[in-house]
Amino acid sequence: MTAQLEHALTLDPETIATNAAPEPGYAAITVRRVGAHLGAQISGVRIGGEVPDAQIAQIKRALARHKVVFLREQHHADDADQRAFAARLGTVTKPHPTVAGDGDAVLPIDSDRSKANSWHTDVTFVDRVPSASLLRAIELPPYGGTTVWANTARAYELLHPALKALAERLWAVHSNVHDYAAEHDQSRVGGIDVREQAYRDEFRHLEYETEHPVVRVHPVTGERTLLLGHFVRHFVGLSGHDSDDLFRLLQRHVTRLDNTVRWSWRLGDLAIWDNQATQHYAVDDYADQRRRLHRITLAGEVPVSVDGVASTPRKGDASHYSPVAVQG
């Protein structure tokens, strides 16, 4: 192995961002890529409700371009600062359609209750899929606990034309009943932890099902993105076996390694991702150590297919959770 290659393999996202030249066109913030196909680190911003308009506009532009952006070590910020900052970027939703959170806007992502150790886009089981999420690190394990994002717009672009044509005609049923539990072994001695079971029961106490197009048109960028992830139960009109096989094929294109970026958290870090053009995966590689982050989501539009047809709810009314965002 050459010294240059060995050095490259040891670089973390922080080092890459430090080494990368700032992107041109941003006068109010500094933006440096952390991955070729998605991800950028933003500096020069102190989050809260008083962030200048010029910075807000440029953060939105960087988010649309890079799909996920990271602000390091916002140690001054509490939940109120995070919420006030989120409100500058869009309309803040309730914490979750079925999980109470703090009752206002914050959903604790707490390893003591659950671990989202699978690929997903947030809250796709309702019709009004959030436009973005803001996640702030509160308590971190001494090792592991990273999060990975994948670019669903690039995943669509890399499909063979025949697969694009097929995907554009597919609709999928998303449900909160088909959740994280499917990704875990429930047969271990002693069964599921009491706190984890309580979280699952809360997660499912209201049932939601929505039909979404597998290919949606991004309301800001106009890109076509794959709308999949672990809330998908099946494709409309296909058998269970065909749905499973096709789902795995399309998901494989989303999660190929060159289509992802992985973030190693520090306390106070804030990640903001475009929930209309990404999936993410919180890696469960930190044993029984504590990991806690606080998430706030922003209201989104009802997805629209390439033919202009909107998603349709089958079960559940999500109006208490979020208004439908309107681009203006």
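Predicted model: local features only at pLDDT ≥ 70, side-chain atom pairs only at ≥ 80, totals over all residues.
In soluble globular proteins, nonpolar side chains tend to be buried together. Here the largest nonpolar core comprises 27 residues, and I42, V45, I59, F85, L89, L134 and I272 are those with the most contacts inside it. Two or more residues each come from the helices α3 (53–66) and α4 (79–89) and from the strands β2 (40–43), β3 (68–71), β5 (132–139), β13 (270–274) and β15 (292–298). The element that gives the most is α3, with four residues. V45 is in contact with I29, V51, Q55, I59, L71 and Q74, leaving aside neighbours within four places in sequence. Another core lies apart from the largest one; its 20 residues include W119, A167, L170 and V283.

W119 is also one of the residues that Q251 touches, along with L228, G229 and Q279, when residues up to four places away in sequence are not counted. Q251 belongs to helix α8, which spans residues 240–254. Its relative accessibility is 8%, so Q251 counts as buried, the limit being under 20%. The side chains of Q251 and Q279 are joined by a polar contact of 2.6 Å.

Rolling a probe the size of a water molecule over the atoms shows where empty space is left. There are two cavities of 30 Å³ or more in the model.

Definitions and conventions. Residues numbered from 1 in each chain as written. Heavy atoms only, no water. 1 Å grid on protein atoms, 1.4 Å probe; cavity = no way out; pocket = protein on both sides within 12 Å on 5 of 7 lines; lining within 4 Å. Points joined across faces, edges and corners; volume = space filled by probe spheres on them. Buried < 20%, exposed > 50% of the residue type's maximum accessible area, 1.4 Å probe, protein only. Polar contact = N/O pair within 3.5 Å; in protein donor to acceptor, adjacent residues only side chain to side chain. Contact = heavy atoms within 4.5 Å. Core = buried A, V, L, I, M, F, W, Y, C linked by side-chain atoms within 4.5 Å.
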